[in-house]
Amino acid sequence: MDVLIMGSLSGRQIADAAQILSLAELKPVRLTHQGAYTGKPGTRIHSDGRMVLKINENRRFPSADVAEKWCDLQLQKEQDYAIYHPDRTWLVLTDNGQCLTANLTPQLVPLHQLDFSEIGKEERVRLLTCVLDCYLDFARRFNLKLDDGLSNFALCETGEGGICYLDDDIYPWDSFTSLSAMLGNWLRTSASLSLDTDDWRQMGVLLKPLLRTHSSDASDMVCESLKDQIVGSHEALKQSFLQALCARHAAAAVDDAEAWPVTGEAIGLIADIHANLPALEAVLRVLDQRGIRQYLMLGDVVGYGPNPKACIDLVRERNMYCLRGNHDHYVAHQGDVRVAMGIMARRTGDWTIGVLEESDRQWLGELPVRYRSHDWMAVHGAPVDKSFFNAYVYEMTSERNLDFLVDSGIGLCLHGHSHIQGIYARSDGRDMPFVSPKTVALKGLDAALLCPGSVGQPRGGKIIAQAGVFYPHNLTVEMLSLDYDITPLIEDMQRFGFSQDLITRTREGR
């Protein structure tokens with residue numbers, strides 16, 4: 001066998017060709033799940049207790065020249081990644097005309113091999129937080145993900161107690177699905193990790209700013225995913241973690257759902273108020289006349305309109321169960337550019353940020369992004385969207401969202417965001433065309449996606465305020481379309497210097 005040392009990430013040489021050949025002649029170590037050495041089929045690992053040689057027998061090259069070019073590119077990528085041990089070295093091995101690549105790394109201790117009961121309390125949390133930091137920092141920089149098992153991370157003797165990634169493989173980013181699964185697994189194995197309630201609370205505190213550097217909605221996506229995970233007897237640990245990680249209202253949403261809604265009572269459905277106070281007051285007058293005492297607000301209290309403070313105060317005064325919309329999130333997070341917002345929406349969002357008090361912006365940021373009962377749910381945007389407020393339900397996405405509801409055993413999703421009053425439904429396995437009847441009968445449907453329309457900015461070409469009344473006891477929804485006087489709204493928009501394009505759009509109901 002011939003050995004060509006292509007180089008290490010640091011530029012240092014930790015072994016010569018003779019040492020590498022000697023290592024390759026050792027009997028390969030046994031690969032086992034959760035054992036000292038793990039690997040995929042086709043991986044051969046040799047270790048002398050000081051260095052580890054890893055050979056991928058599935059990656060064969062037609063010539064040494066091609067293998068060398070591959071190694072050069074790999075070295076460049078891994079230097080940019082900055083997640084591996086700095087002495088990680090890439091090699092080209094040629095044996096009987098077969099060209100393979102291999103890497104050489106100092107022997108490291110994978111985290112899954114540590115006895116966490118022998119580690120101090122602070123150090124346990126620090127090590128696991130280092131894994132999360134490495135994982136999230138890599139995702140933020142490259143929009144890719146690392147393998148999430150603890151066997152893929154090791155104590156790195158360089159630096160101050162750092163963490164190195166061991167796996168050769170990098171994967172497409174999956175919007176926190178694997179990260180949430182990893183946290184769920186840690187929760188279920190808390191005993192072996194020696195983690196108690198205080199440890200999980202501290203983990204939540206430390207993870208929150210790490211997620212924030214990735215995106216402003218990252219903690220919501222992780223929290224909502226974890227809420228759906230069953231962790232058995234460790235539920236109290238999960239709740240401690242969520243309370244520290246999630247904003248107050250988001251963390252309490254599951255508990256609140258147990259006492260809301262009041263069984264047997266109708267629910268007023270309101271969505272997309274968009275700071276239009278005259279329209280909101282008109283809707284509430286009609287709902288009051290019908291004796292409605294509980295409300296589900298499907299997001300976007302603010303945005304587009306000139307009365308954000310007054311609308312927030314009225315929603316809070318009525319004690320509405322209120323979800324967070326994309327405009328609410330944008331304002332709460334001081335104009336997060338990663339939220340799905342058009343130019344006109346950003347302009348009014350930025351204006352709204354300037355006129356609201358910090359307490360109002362904090363309230364918007366603490367709203368939950370999803371309501372979930374055993375057989376129906378509510379979001380601002382779309383149920384398949386992990387942020388729950390960016391994606392839309394419309395003709396091109398309805399099938400996928402209905403698939404999700406059927407697969408999840410959920411019969412109904414109430415949503416806003418589209419500003420279009422109506423329903424997409426599936427019956428006897430067949431998708432029905434979008435309809436907007438005055439009364440919707442939900443009983444007997446496989447699944448349904450229902451939008452009550454927009455209070456403050458309907459898109460049907462009419463000056464109306466839209467809402468709905470949901471009767472859970474007989475699974476029907478009454479759709480409302482109400483006339484109101486738009487004059488005070490337009491006067492406020494003009495007084496505050498709103499763009500003529502937005503004023504015209506509002507006048508035309510589009």
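Analyst: Two strands count as paired if DSSP finds at least two bridges between them. The model discussed here is predicted.

User: What makes E3 and E5 a pair?

Analyst: Seven bridges join E3 to E5. The cut-off is at least two bridges, so E3 and E5 pair. The two strands run antiparallel.

User: What makes E1 and E4 a pair?

Analyst: E1 and strand E4 (residues 89-95) share six bridges. With a threshold of at least two, they pair. The sense is antiparallel. Ser8 has Thr89 in E4 as its bridge partner.

User: In what order do the five strands of this sheet lie?

Analyst: The order is E1-E4-E5-E3-E2. The sheet is open, with antiparallel pairing.

User: Why are E1 and E2 called edge strands?

Analyst: Strand E1 (2-8) and strand E2 (43-47) each pair on one side only. Neighbouring strands in this sheet are turned by 25° against each other on average, direction ignored.

User: What holds paired strands together in general?

Analyst: Strands of a sheet pair through backbone hydrogen bonds, either parallel or antiparallel.

User: Which helix lies across E1, E3, E4 and E5?

Analyst: Helix H2 (residues 64-81) does. Strand E3 spans 51-61 and strand E5 spans 98-106. H2 runs at about 165° to E4.

User: What makes E5 mostly covered?

Analyst: Eight of its nine residues are buried. Buried means under 20% relative accessible area.

User: Where is Asn96, and what is its phi?

Analyst: Asn96 sits in the hairpin of E4 and E5, which has two residues between the strands. Its phi is positive, about 55°, although Asn96 is not a glycine.

User: Why is Asn96 called exposed?

Analyst: Asn96 has a relative accessible area of 76%. Exposed means over 50%, so Asn96 qualifies.

User: Which class does Ser175 fall in, and why?

Analyst: Ser175 has a relative accessible area of 30%. Buried needs under 20% and exposed needs over 50%. The value for Ser175 lies in between, so Ser175 is partly exposed. Ser175 is in the loop between strand E10 (170-172) and helix H4 (177-188). Ser175 also has a positive phi of about 55°, although it is not a glycine.

User: Why is Arg361 called buried?

Analyst: The relative accessible area of Arg361 is 12%. That is under 20%, so Arg361 is buried. Arg361 lies in helix H14 (residues 358-365).

User: Which residues are in contact with Arg361, leaving aside its neighbours within four places in sequence?

Analyst: Arg361 is in contact with Val331, Ala332, Gln334, Ile353 and Leu356. Contact here means heavy atoms within 4.5 Å.

User: What makes Met396 count as exposed?

Analyst: Met396 has 69% relative accessibility. The cut-off is over 50%, so Met396 counts as exposed. Met396 lies in helix H15 (residues 395-408).

User: Which residues form a nonpolar patch with Met396?

Analyst: Tyr392 and Tyr394 form the surface patch with Met396. Together the three have about 370 Å² of accessible area. A patch residue needs over 30% relative accessible area. Met396, at 69%, passes that step.

Key:
Residues numbered from 1 in each chain as written. Predicted model: local features only at pLDDT ≥ 70, side-chain atom pairs only at ≥ 80, totals over all residues. Heavy atoms only, no water. Helix = DSSP H or I, 4+ residues; strand = E, 2+ residues; numbered from the N terminus. Axes fitted to C-alpha atoms, helices over the stretch in contact; angles between N-to-C directions. Buried < 20%, exposed > 50% of the residue type's maximum accessible area, 1.4 Å probe, protein only. Patch = residues over 30% accessible without salt bridge, like charges linked within 9 Å, V, L, I, M, F, W, Y side chains within 5 Å. Areas by Shrake-Rupley, 256 points an atom, 1.4 Å probe, with all protein chains shown as cover. Salt bridge = Lys/Arg side-chain N within 4 Å of Asp/Glu carboxyl O.
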